[in-house]
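Please consider the model shown here, with attention to its ligand site, its chain interface and its annotated regions.

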Amino acid sequence: MAELVKEMKQSITPKRGAKPIVEYKDVYKSFGEVEVLKGLNLDIFPGEKVALIGPSGSGKTTIIRMLMTLEQPTSGEIIVDGTDLWHMKKNGKTIPANEKHLREVRGDIGMVFQHFNLFPHMTILENCMTAPIQVKKESKETARERSVEMLEKVGLGDKLDNYPSQLSGGQKQRVAMARALVMRPKIMLFDEVTSALDPELVGEVLEVIRDIAEEGEMAMVLVTHEMDFALEIADRVIFLDDGVIAEQGSASEVLEESDNERLQQFLYRFRS
Amino acid sequence: MEFYFLYMGVIIINAIIEVFPVLMKGIHITITVFILSVIFGYLFAFIAGLCRLSNNIIIRSTTSFYVEIFRGTSLIVQLFWLYYAIPMLFNIGIDNRLMAGVLAISLNYGAYMSEIVRGSILAVDKGQTEASIALNLTRFQRMRLVVFPQALRMMLPEFGNYLIQMLKATSLVSLIGMTDILYHGNILRSTNLSMAPTVYLLLLVFYFIMALPLIFLTRKGEEISKRGVANG
Ligand SMILES: Nc1ncnc2c1ncn2[C@@H]1O[C@H](COP(=O)(O)OP(=O)(O)OP(=O)(O)O)[C@@H](O)[C@H]1O
Ligand SMILES: [Mg+2]
């Protein structure tokens, strides 16, 4: 019986039937001698909300950075919407992707960073407008209109002409989200986006993520230490340990019902 | 006693009246050499600084070679090389003094300042590049819109300091016979040795007055710099 339950958890695929928008196939990643990922297999479906949890150093950040093309897998494939991200075909041969290929494939992916990474020399509005104009070739008016709309949505409609240095951490992170959202990604990656914030500012950022999640269309991968939040919005929680997925399932299955010992230890440390 | 001072005063004033117009004859040369050296110096600095960050090893090592040669040897010798040695060796005419002078100063300071360009670009937080990759900007857009403007703010104060150094370095062109203010001053002193103190005092004043706006510019640069690189 326990075996059967375990099997079900391993093969869980919410939003069944749809074609996955991201597939990790047997992905390995080492930094020098250190092997961080040891054969990761993971499908993410359109609109799915996935929470990645696991001990420090287990490779959560590495997983999403490889998808954002900030880190190259040592071996294996990452398929985005049917296209191999890190390889391309040339004269029938498979060769490492070049910058052009990477740009074509990563266009549907957006990311929010732990330390915001806003552009300090641009106003809030310019932070948001630049990519739509430069990358999507939108007119200045359109880009401006959509950026203002997005900034209003994250509650910063009155700060358009401020510089990042004039904002609180929570406000900066909301700008970072607006900046990513105006690019209309199909997949959004969040790397511990609240962990650099003062505790009293965490709520306003989670609020925005919750709003985006409720709209539903975007797939979201959240690396997070906010277990309650994961429980609330994630369709699926993935526990990463020792370079592989050690447990996955619905939030309640993983966070409340699992009997995986490592996971128990991990959660215990969080709850105490 | 009082009479003596008065007498000295009159002599000095006379001397200054005599020296001042002679030095003024060289001012346009000093300023021309300075402005051209600044323009080409910054140009070389940016080109070499960016080349040293290139992915291409040949471009990178060629540029390093240039930078180390020009930083490792003396500006005066470089000037003589350009003006006397190279035209002879290769039978090409840099018999144009202005060109030799400007090239020597701008290649030399360009080499120094390329290190500032390179260092400042490397000093921009890696998160800035990562954020612009996440927004799918091209490599060139990332440099032009995100990294370079921030690096430039870090370069400004250092660039200001080199501006003043370049002004002072222009005086070397008198050694290849360019008729700048130092050249005219030297001629005057060699015809009338007693004028030496007045000549060199006035020369100091000349250089200092020309440096004043540059000092002001440097301050401005520091201000902009402080405003610009606040935390994102
Ligand atoms: N650029 C790098 N160079 C060398 N080692 C790296 C690099 N990036 C990550 N690592 C190592 O890879 C391992 C996994 O890192 P990663 O950042 O993915 O972990 P994480 O699960 O996000 O941890 P945390 O919860 O602390 O953020 C760690 O041991 C880390 O030291
Ligand atoms: Mg991490």
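The report below takes the ligand first, then the interface, then the spans taken from UniProt.

This is a predicted model, in which local features need pLDDT of at least 70 and side-chain atom pairs count only at pLDDT 80 or more, while totals for chains, interfaces and linings use all residues. Residues are numbered from 1 along each chain as its sequence is written, chains are lettered from A and ligands numbered from 1 in the order in which they are written, and side-chain values use heavy atoms, with hydrogens and water left out.

**Ligand site**

The shell around ligand 1 includes F31(A), V36(A), P55(A), K60(A), T61(A), T62(A) and E192(A), where a residue is near the ligand if one of its heavy atoms lies within 4 Å of it. Also in this shell are S56(A), G57(A), S58(A) and G59(A). By class, the shell holds three nonpolar, six polar and two charged residues; Ala, Val, Leu, Ile, Met, Phe, Trp, Tyr, Cys and Pro count as nonpolar, Asp, Glu, Lys and Arg as charged, and the others, Gly among them, as polar. Helix 2 (residues 60-67) of chain A contributes three residues, the most to the shell; helices are DSSP runs (H or I, at least four residues) and strands are E runs of at least two, numbered from the N terminus.

| Residue and its atom | Distance to an oxygen atom of ligand 1 |
|---|---|
| S56(A), polar side-chain atom | 2.6 Å |
| G57(A), backbone N or O atom | 2.8 Å |
| E192(A), side-chain N or O atom | 3.4 Å |

On its own, ligand 1 has 630 Å² of accessible area (Shrake-Rupley method, 1.4 Å probe), and the protein covers 58% of this.

**Interface**

Between the chains, 30 residues of chain A are in contact (heavy atoms within 4.5 Å) with 25 residues of chain B. The buried area, meaning the accessible area (1.4 Å probe) lost on putting the two parts together and summed over both, is about 2200 Å², with 56% from carbon and sulfur atoms. F119(A), P120(A) and H121(A) supply 25% of the area that chain A buries against chain B, more than any other three residues.

**Annotated spans**

An unreviewed UniProt entry annotates residues 22-267 of chain A as "domain: ABC transporter"; such annotations may be inferred rather than shown by experiment. This span is 37% helix and 28% strand, and its end C-alpha atoms lie 27 Å apart.

Methods: A polar contact is a pair of N or O atoms within 3.5 Å; within protein, one must be able to donate a hydrogen and the other to accept it, and residues adjacent in sequence count only if both atoms are side-chain atoms.
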